[in-house]
Amino acid sequence: VELEGAENLRRVVQVNFERGVDWIKTRVGGNTAAGVADAYWLYYTEEEVAAMADEAARYGGKIQCHIQSGDTAIVAARAGCATLEHGQYINEEALRVMRELGTVWTPTYISTEGFALPHDDYNTPTARRVAPWILENQRRMLRTAHELGVTMVTAVDTPYGPESVARLAGEINAFIDYGRMTPLEAIQAATKNAAEALGREKDVGAIAVGRYADIVAVDGNPLTDLR
């Protein structure tokens with residue numbers, strides 16, 4: 001159902017929280033791979049997004065926002081989105097606003113890399129056409145975000161099962177290769193930063209008494225070579 005207007009969107013958030021959700025996922029910009037909604041298109045106004053964020057806060061919750069361009073990222077950050085997802089056309093201006101406001105960026109870079117791969121989750125004619133430019137931009141913005149001190153977390157934006165070509169390990173390594181993170185910083189983006197962004201730092205995100213986690217034992221030191 002297409003929705004518009006601050007009060008209507010506020011009501012949708014209210015209904016969801018009353019049914020037990022913890023987070024609201026919305027979008028401020030269009031898509032990249034589908035070719036049906038321009039990535040620079042502003043899907044909701046800042047007032048509408050702010051109404052959703054305000055209503056979520058009344059229930060002790062937060063919202064996360066799908067964005068692609070710098071302009072939509074700025075609108076989402078100023079409106080109160082806790083995390084911004086994707087950002088294939090994001091720019092330095094938006095990253096500076098995000099750093100100032102403490103907004104977390106989830107680049108999902110590894111899904112962008114898949115645009116040019118056969119059998120990828122997002123392999124479409126539109127995706128293949130824009131892949132070279134957005135890959136170059138996201139690689140540059142990963143480095144810029146890290147230099148500016150923007151908090152980043154890892155995610156893949158595709159299924160985690162065996163049918164997907166995107167892997168979380170690829171996202172972690174991209175933070176090192178293109179974001180110039182240290183191996184420890186990249187691990188923290190996948191664990192500590194992610195837990196804090198979700199408000200789950202008391203339960204997960206570190207190996208400590210009273211928390212739970214999936215632990216993988218490997219030969220070698222991942223702080224020397226994460227691969």
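Mentor: Let's start with helix 2 (residues 46–58) and helix 3 (residues 70–79): their axes come within 8 Å and cross at roughly 40°. Keep in mind that this is a predicted model.

Trainee: What makes helix 2 oblique to helix 3?

Mentor: Set the angle against the cut-offs. Roughly parallel needs an angle under 35 degrees, and roughly perpendicular runs from 65 to 115. The crossing here is at roughly 40°, so helix 2 counts as oblique to helix 3. The crossing of helix 2 with helix 3 is right-handed.

Trainee: Which residues of helix 2 and helix 3 meet there?

Mentor: From helix 2 you have E46, V49, A50 and A53, and from helix 3 V75, R78 and A79. Sorted by class, that contact holds 5 nonpolar, no polar and 2 charged residues.

Trainee: What makes up the contact of helix 3 with helix 4?

Mentor: Helix 3 brings G70, A73, I74, A77 and R78, while helix 4 brings E93, A94, V97, M98 and L101. By class, the contact has 7 nonpolar, 1 polar and 2 charged residues.

Trainee: How do you know that helix 3 is mostly covered?

Mentor: Count its buried residues: 8 of the 10 in helix 3 fall in that class, and buried means under 20% relative accessible area. They are G70, T72, A73, I74, V75, A76, A77 and A79.

Trainee: What do the buried residues of helix 3 pack against?

Mentor: They pack against helix 2, strand 2 (62–69), strand 3 (83–89) and helix 4.

Trainee: Which residues have a positive phi although they are not glycine?

Mentor: H86 is one of them, with a phi of about 90°, and T108 is another, with a phi of about 45°. H86 lies in strand 3, whereas T108 is in the loop between strand 4 (104–106) and helix 5 (109–113).

Trainee: Why are H86 and T108 called buried?

Mentor: Buried means under 20% relative accessible area. H86 has 5%, so it counts as buried. T108 has 3%, so T108 counts as buried too.

Trainee: What about helix 4 (residues 92–101) and helix 6 (residues 125–148): how do they pack?

Mentor: They pack at an angle of about 30°, with axes 10 Å apart, and the crossing is right-handed. Helix 4 makes the contact with E92, L95, R96 and R99, and helix 6 with M141, T144, A145 and L148. By class, that gives 4 nonpolar, 1 polar and 3 charged residues.

Trainee: On to the rings. What makes W41 and Y43 an edge-to-face pair?

Mentor: A search of the whole structure finds 6 aromatic pairs. In W41 and Y43 the ring centres are 5.0 Å apart and the planes stand at 80°. Pairing needs centres within 6.5 Å, and edge-to-face needs planes over 60 degrees apart, so W41 and Y43 qualify on both counts. Elsewhere in the list, ring pairs link Y40, Y89 and W133 into a cluster.

Trainee: Why is W41 called partly exposed, and why is Y43 called buried?

Mentor: W41 has a relative accessible area of 40%, which lies between the 20% and 50% limits, so W41 is partly exposed. Y43 has 18%, which is under 20%, so Y43 is buried.

Trainee: How do you know that R58 counts as exposed?

Mentor: R58, in helix 2, has 57% relative accessibility; exposed means over 50%, so the label holds. The C-alpha atoms of R58 and F17 are separated by 9.7 Å, with the two residues 41 apart along the chain.

Trainee: Last one: what makes Q188 partly exposed?

Mentor: Q188 is in helix 8 (residues 183–190). Its relative accessibility is 28%, between 20% and 50%, so Q188 counts as partly exposed. Leaving aside neighbours within four places in sequence, Q188 is in contact with N193 and A194. From C-alpha to C-alpha, Q188 and L223 are 11 Å apart, and in sequence they are 35 residues apart.

Terms used
Residues are numbered from 1 along each chain as its sequence is written. This is a predicted model: local features need pLDDT of at least 70, side-chain atom pairs count only at pLDDT 80 or more; totals for chains, interfaces and linings use all residues. Side-chain values use heavy atoms; hydrogens and water are left out. Axes are lines fitted to C-alpha atoms, for helices over the stretch in contact, and angles run from 0 to 180 degrees between N-to-C directions. Helices (H or I, at least four residues) and strands (E, at least two) are DSSP runs, numbered from the N terminus. Angles under 35 degrees count as roughly parallel, over 145 as roughly antiparallel, 65 to 115 as roughly perpendicular and the rest as oblique. A crossing is left-handed if the near helix is turned anticlockwise from the far one by less than a right angle, and right-handed if clockwise. Contact means heavy atoms within 4.5 Å. Ala, Val, Leu, Ile, Met, Phe, Trp, Tyr, Cys and Pro count as nonpolar, Asp, Glu, Lys and Arg as charged, and the others, Gly among them, as polar. Rings of Phe, Tyr and Trp (its six-membered ring) pair if their centres lie within 6.5 Å; planes under 30 degrees apart count as stacked, over 60 as edge-to-face and the rest as tilted. Buried means under 20% relative accessible area, exposed over 50%, partly exposed in between (1.4 Å probe, protein chains only).
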